[in-house]
Amino acid sequence: MTEHYDALESRSPQEREQALMAALPQQIAHAQQASPAFAEILAGIDAAAVTSRAALAKLPVTRKSQLLERQVAQRAGTPFGGFSALAFGAQMPRVFSSPGGIYEPEGCGRDYWRMARAIHAAGFRAGELVHNSFSYHFVPAGAMMETGAQALGCTVFAAGTGQTEQQVQAIADLRPAGYIGTPSFLRILMEKAQGQGQSLPSLRKALVSGEAFPPSLRDWLAERGVDGYQCYATADLGLIAYETPAREGLVVDENVIVEIVRPGTDDPVPEGEVGELVVTTLNRGYPLVRFGTGDLSAVLPGPCPTGRTNIRIRGWMGRADQTTKVRGMFVHPAQIQQVVQRFALVARARLVVRGEMANDSMELWVETHAGEDAALLRQIEECVRDLTKLRCDVRPLAPGALPNDGVVIEDARSYR
């Protein structure tokens, strides 16, 4: 399982850096010419001069919130805010929507999202059946993993989300080699199978993503015979980094340039310091330059013990802003503000996420004069579910009870 996906993973760091820096000015020039948004953002930039990380660091960071703002402002003219270099038709087979109302184009090409590398590192091989429990509805996660697995030579069972009992039965009947999906749902499936007295002997490996994968859950799976690995990918960028059998951080993908910047700034931090992960992709169809993910991470020193020579990051370490993920879905502070705006009896609100991974829960604290008004609380619960696609409990508080600290979403989960 230690063999590499291709020779790119073991090339010298100097060779890789030369190749990335040679491709960088071409990608920036392409973004300026093909993407109206970057034509504006990078106006006056001499693309030919951006041939080093120092030169790249002088360009502005475009954050996910800005992408959304441009999409909303320009929706009458283009659904992508001018960031896409693709047009509807043959060059764009599908469009997806991520939580928060962000639309992403999918371009053509084998393994467009570059997921095969991560799937291979998790132990999957050609000729195997993969049980894919990522969503195929609205979000691109299901398609991202499916196309990557197919590029690797695997067959995919398109399970999607929900229907737990049917998914357990499908695993028992079809005997896939492994699972791809969120780690929390894998645990739910395995617990459901155990409760039904159903054996799943074929399930021996997993690639998980979409939420934190703490060592406690990794060990829980291992005790039940499943060797789980994680990868870090986004709907905007595709694969960013992936775990290897060394289990020492995540190795960065070969087709992205990763920087770590000080949160709230565009400035790179010293190696090892925690900061916001910023990515420049070499994707010609969606040429994002210095795209701020909003996620915190840090660069690990030295190469991976598996012989992969690209830089490694520590993985997901939280959010640079208050946006958080619950069961694989982003929840944004703006969504909580929408709840407040919809109810005249609610003055302020704070979403508190508690529990452990695979057993997390949301509780919305609301300041209201209405007290324990059951009808109002039920309406608020329904509103939250409508906006976030997640269930939550609502806890009424007296006006002025919430701290005046600016916190809208509090992530109080345990990641041990």
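Which loop holds Lys389? In this predicted model, Lys389 sits in the loop between α11 (374–388) and β20 (393–397). The legends below begin with that residue.

**View A. Lys389 in the loop between α11 and β20.** Lys389 is a residue other than glycine with a positive phi, near 65°. The relative accessible area of Lys389 is 57%, so the residue counts as exposed, the cut-off for that class being over 50%.

**View B. Arg247 in the loop between β9 and β10.** Arg247 is not a glycine, yet its phi is positive, at about 55°. With a relative accessible area of 25%, Arg247 is partly exposed.

**View C. Packing of helix α7 against helix α8.** Two packed helices are described by the angle between their axes and the distance between the axes. Helix α7 spans residues 164–174 and helix α8 spans residues 183–195. Their axes are 9 Å apart and meet at an angle of about 75°, which makes α7 roughly perpendicular to α8. That description applies because angles of 65 to 115 degrees count as roughly perpendicular. On the α7 side, the contact is made by Thr164, Glu165, Gln167, Val168 and Ile171. On the α8 side, Phe185, Ile188, Leu189, Lys192 and Ala193 take part.

View D. Leu277 has a relative accessible area of 0%, so the residue is buried. Leaving aside residues up to four places away in sequence, Leu277 touches Tyr232, Ile240, Val258, Glu259, Ile260 and Ile313, among others. Further contacts of Leu277 include the stretch Phe291, Gly292, Thr293, Gly294 and Asp295. The C-alpha atoms of Leu277 and Leu296 are 5.9 Å apart in space, while the two residues are 19 residues apart in sequence.

**View E. A nonpolar surface patch that includes Tyr103.** The patch has an area of about 290 Å² and is made by Phe88, Val95 and Tyr103. Of these residues, Tyr103 belongs to strand β3, residues 102–106. Tyr103 is partly exposed, with a relative accessible area of 30%.

Technical notes: Residues numbered from 1 in each chain as written. Predicted model: local features only at pLDDT ≥ 70, side-chain atom pairs only at ≥ 80, totals over all residues. Heavy atoms only, no water. Patch = residues over 30% accessible without salt bridge, like charges linked within 9 Å, V, L, I, M, F, W, Y side chains within 5 Å. Areas by Shrake-Rupley, 256 points an atom, 1.4 Å probe, with all protein chains shown as cover. Salt bridge = Lys/Arg side-chain N within 4 Å of Asp/Glu carboxyl O. Helix = DSSP H or I, 4+ residues; strand = E, 2+ residues; numbered from the N terminus. Buried < 20%, exposed > 50% of the residue type's maximum accessible area, 1.4 Å probe, protein only. Axes fitted to C-alpha atoms, helices over the stretch in contact; angles between N-to-C directions. Parallel < 35°, antiparallel > 145°, perpendicular 65-115°, else oblique. Contact = heavy atoms within 4.5 Å.
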